[in-house]
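Q: I'd like a close look at a single part of this model. Could you walk me through it in one connected answer?

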Amino acid sequence: MKLSEFQIAVEQEFGAAYGAVVVNDLALRGVGGRTAREALSDGVGAREVWLALCDAADVPEQRRHGVGRPTPEGSGSSI
């Protein structure tokens, strides 16, 4: 997961305003009690931080994987 995908995932799951609060203020057990912003700044991978954030915020499993990925343009079916 790229950092840009992490940012998209946070905004999609939490909204822009609340997402910023969650990233900056919520201590995440999965990354040593750091906030998402601190963990990312310390070099923890975006995917690991995203999953720790999901655990802390009780994000359902079906909304954890594959989110944040940009939709490729023209990826519609031509059947």
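In which helix is the place of Glu 38?

A: Happy to take you there. Glu 38 sits in helix H3, which spans residues 36-41; helices here are DSSP runs of H or I with at least four residues, strands are E runs of at least two, and both are numbered from the N terminus. A word on the basis: this is a predicted model, in which local features need pLDDT of at least 70, side-chain atom pairs count only at pLDDT 80 or more, and totals for chains, interfaces and linings use all residues. Residues are numbered from 1 along each chain as its sequence is written, and side-chain values use heavy atoms, leaving out hydrogens and water.

With a relative accessible area of 41%, Glu 38 is partly exposed (buried is under 20%, exposed over 50%, partly exposed in between, with a 1.4 Å probe and protein chains only).

Val 23 is one of the buried residues of helix H2 (residues 16-25), along with Gly 19 and Val 22. Seen down the H2 axis, these buried residues fall within an arc of 95°, so they line one face of the helix; the arc is taken from the directions from the helix axis to the C-beta atoms. On the other side of H2, Ala 17 and Asp 25 are exposed. The cover over the buried residues of H2 includes H3, helix H1 (3-14) and helix H4 (46-57).

Notes
Contact = heavy atoms within 4.5 Å.
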